[in-house]
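Work through the exercises below with the coordinates open. Try each task before reading its solution.

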Amino acid sequence: MKRSSLYKNMILFGFAISIFPILTLGLFSYMKSSDAIQTHVNRSNIQMMNQMNGNMEQVLRTVDYTLNYVINTNKVQDALFRTLNFTDFQLYNQLKEELNLLQSPDTYVTDVILANPASDWVINNRGLYTFDEYASKTTLLELMELEHSTSWVMLDTAALGSSDTESYGCPTTVTLVKKMPLHTSNKRGVALATIPSCSLGAMLDNPPAASEVMVLDARLRIVAHPDASKIGAPLAETGSIAEADLPKFGGASGQFETIVGGEPISVTYVRSDFNGWTYASFTTMSEFTKEARSIGWFTASVCLLILCLCVLFVWLGSRRVYTPIREMFRLIAERLPESTASKKNELQIIDEHIRDLFASNEKMRHELHQNSLQVRTFFLHKLFQGQLGASEIEEKLELFGYREVIRNWNHLAVLTLQIDILVETRYDQKDLDLLLFAAGNIVEEMVPKSDRLPPVILDQTLVTLIGGAGMSHDDFNLYIYKVTEAVQQNMRRYLDLDVSIGISLPFAGVHRASRGYQEGLEALKHRMKLGKGVIVPYSSLNSGKHTQVYFYPTQIENQLIDAIKLADEELASKLLKQWLGEVFLKDRTPHEYQISLIRLLNSLMVVMQEAGIGLDQLDAKESSLYEELLQLYVSAEIENWYNTRIVGRLIRVFQDRQASQYQNISEQIIDIIRSEFDRDLTLEECASRLHYNVFYLSSVFKKETDMSFSDYLSQYRMNMSKKWLVETDMSVKDIAERLTYTNPQNFIRSFKKQEDMTPGQYRAKYGKPGV
């Protein structure tokens with residue numbers, strides 16, 4: 001035996017699998033910690049720049065949107081085309097109220113200036129001036145010469161001559177410049193919203209360690225910086241980056257590495273699509289490199305400690321694992337010859353012994369399975385032959401696991417299958433048992449296990465007990481017939497043989513299986529008369545032929561009744577003609593024809609009763625209708641009688657009801673629209689209130705008004721908006737909100753699309769004076 005060699009190999013293997021991953025982890029951590037930190041820093045910088053861009057741009061967009069709103073108001077637009085002086089005190093106050101919308105702690109706006117050189121006036125925080133006397137008119141004229149209608153510029157605070165801005169002590173001011181009017185080529189004035197650059201710099205007050213953040217304009221001048229002394233300076237003059245690296249800021253966003261003053265610098269920037277500003281971060285990587293080295297040494301120390309602990313655990317674990325192996329080997333070696341046990345190590349001997357045990361176990365399981373199949377087959381033989389009592393049947397069903405299968409069966413039947421002839425086939429009589437076995441496999445594949453017991457062969461007959469759960473008597477018979485047809489087809493397809501199948505009467509209870517077996521055999525005896533390849537239900541043996549069924553066009557009758565209820569006279573007449581054609585197409589006695597005609601009359605009388613239509617509305621009595629019908633013998637007369645006496649009059653009653661109902665429904669919907677047009681109203685809600693199907697309601701409303709529900713609601717809201725514009729002083733924004741528009745712009749677009757003018761233009765054209 002080589003127990004000592006195996007024990008040493010276990011310890012060495014344990015050491016190897018412990019040492020290798022730990023050393024690899026330590027080395028990798030030491031080498032990659034710097035790269036990981038730098039990658040993390042770069043990702044954090046990108047996220048920080050995007051967040052800083054979003055936060056600042058939100059403020060700038062708010063200022064831009066609000067200034068747009070202010071200069072597009074009717075008051076500002078009117079003031080652009082007139083001269084203002086001290087006599088226009090009320091208009092000046094109204095303009096000041098509009099300008100105050102921009103000045104809030106959230107927007108950082110310190111001053112709003114409206115200048116109109118064409119009308120010679122200027123308005124700012126301090127008051128109203130004539131343009132020619134305004135101290136900073138030169139700057140305003142220069143701003144009017146800018147290329148675009150909307151621009152963000154950086155100016156010296158003193159250039160605007162505003163003490164309100166200078167009070168913030170910031171040397172530069174970020175100014176939003178908008179030429180007025182916005183949407184015309186002939187500009188009469190300019191609107192300014194000023195934000196101290198120091199206020200924007202305050203938003204950058206908490207940069208990460210070893211990082212410098214700033215905002216640059218399109219010319220790479222510093223617009224915002226935590227250090228106010230750097231605001232307005234070109235980026236290359238601040239020493240944050242070399243002038244040769246400035247072209248690297250050309251993309252929409254990016255990162256690059258550079259050297260400044262002998263130090264590695266990581267630069268991250270994001271360019272705003274809104275105003276072309278660049279949000280940049282400059283991170284010194286030396287601090288992070290030192291930290292990475294510290295992390296690497298710490299990781300190596302931890303790995304060494306873990307290595308020592310693993311060595312200890314491997315040694316203790318190997319001893320513990322080897323103990324049961326040694327005991328197992330001792331028990332096996334005692335039953336082996338000494339020479340065999342000494343030539344192999346412990347694991348080889350244990351492996352061979354376990355393989356022998358598995359082989360013996362598999363062989364025993366196979367033998368038990370074969371014996372179990374034989375015993376179950378023997379039980380089914382005795383069951384079909386009636387050789388078991390009721391208690392013994394219950395016991396065997398529980399023993400062989402059949403109780404769960406048949407627990408929910410409410411109908412059972414026995415199928416008996418026999419191969420008709422083997423003459424002139426490729427098979428001999430000696431192949432019969434094998435062919436029946438193959439037929440049993442086909443039955444097992446066609447019928448789920450939950451619906452059958454295993455097929456057995458009795459006296460050259462394949463016998464199968466089939467059950468159905470939750471089926472009616474007719475559904476079960478149909479299911480059995482489909483199964484037998486499928487079995488026959490597969491026998492022809494795969495074995496090229498004709499088989500006949502007998503079906504017992506359905507029964508309840510497994511103890512009656514022997515009677516079902518006898519009925520199936522009895523049914524198969526009728527092959528002498530019916531021929532080969534037949535399916536014979538025992539239920540057909542009493543009369544010897546199928547029960548005769550008289551044809552009646554039920555489906556056409558149902559379609560005719562539906563057409564009458566829908567008041568479709570043309571379709572009803574067509575279906576009545578088709579129904580009569582189907583009835584008179586079959587050869588029958590006159591009495592049988594009359595039965596079908598009376599049956600149709602009965603169905604129409606039921607329709608009348610369900611709809612609450614009295615016979616007096618048809619100008620008839622029940623007895624007289626039957627008498628009139630039975631006195632008719634010509635097909636054309638019968639069709640005319642039905643059309644004039646019954647069908648036509650029923651259709652007119654339903655038409656009158658529909659006309660009244662349609663008008664009432666449409667009026668109710670219109671009342672709802674007129675009282676609740678100012679909320680989010682839907683046709684589904686109206687249908688729920690009126691207790692109608694939504695598709696029916698839609699068709700009725702369309703039929704009565706020649707408009708869909710949504711079109712009618714939109715038109716009514718538009719009419720109300722025009723009324724408010726003419727008769728009230730409600731603002732366009734308030735009207736839009738009242739009419740459930742999500743924002744005023746959507747309302748303005750819809751109004752202009754319909755009226756070919758904006759709401760403001762409509763009010764100016766049709767509004768009452770003084771409103």
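**Exercise 1: a cysteine pair**

At 23% relative accessibility, Cys198 counts as partly exposed. The model is a predicted one.

Task: Which residue does a disulfide join to Cys198, and which parts does the pair tie together?

Solution. 
1. Start with the sulfur atoms. Cys170 and Cys198 have an S to S distance of 2.2 Å. The cut-off for a disulfide is 2.5 Å, so the pair qualifies.
2. Count the links. The total comes to 1 disulfide.
3. Take the torsion. The angle about the S-S bond is 90 degrees, and the link of Cys170 and Cys198 is right-handed.
4. Cys170 sits in the loop between α5 (163–166) and β5, while Cys198 belongs to helix α6 (residues 197–202).
5. Cys170 has a relative accessible area of 5%, so Cys170 is buried.

**Exercise 2: the sheet**

Task: In what order do the 6 strands lie in the open sheet, and which are the edge strands?

Solution. 
1. Read across the sheet. The order is β3-β2-β1-β6-β5-β4, with antiparallel pairing.
2. Find the edges. β3 (127–129) and β4 (150–156) each pair on one side only.
3. From one strand to the next, the average is 20 degrees.
4. Zoom in on one pair. Strands β5 (residues 172–180) and β6 (residues 189–196) run antiparallel and are joined by 8 bridges. Lys179 has Val190 in β6 as its bridge partner.
5. Helix α4 (residues 137–144) lies across β1, β2, β4, β5 and β6, at about 105 degrees to β6.

**Exercise 3: a helix pair**

Task: At what angle do α21 and α22 pack, and which residues meet?

Solution. 
1. Take the geometry. Helix α21 (residues 683–690) and helix α22 (residues 694–705) pack at about 105 degrees, with axes 9 Å apart.
2. Classify the angle. The range 65 to 115 degrees counts as roughly perpendicular, so α21 is roughly perpendicular to α22.
3. List the contacts. From α21 come Leu683, Glu684, Cys686, Ala687 and Leu690; from α22 come Val694, Leu697 and Ser698.
4. Sort by class. The contact has 6 nonpolar, 1 polar and 1 charged residues.
5. Check one contact residue. Cys686 is buried, because its relative accessible area is 0%.

Note on methods:
Residues are numbered from 1 along each chain as its sequence is written. This is a predicted model: local features need pLDDT of at least 70, side-chain atom pairs count only at pLDDT 80 or more; totals for chains, interfaces and linings use all residues. Side-chain values use heavy atoms; hydrogens and water are left out. Two strands pair if DSSP finds at least two bridges between them. Helices (H or I, at least four residues) and strands (E, at least two) are DSSP runs, numbered from the N terminus. Axes are lines fitted to C-alpha atoms, for helices over the stretch in contact, and angles run from 0 to 180 degrees between N-to-C directions. Contact means heavy atoms within 4.5 Å. Angles under 35 degrees count as roughly parallel, over 145 as roughly antiparallel, 65 to 115 as roughly perpendicular and the rest as oblique. Ala, Val, Leu, Ile, Met, Phe, Trp, Tyr, Cys and Pro count as nonpolar, Asp, Glu, Lys and Arg as charged, and the others, Gly among them, as polar. Buried means under 20% relative accessible area, exposed over 50%, partly exposed in between (1.4 Å probe, protein chains only).
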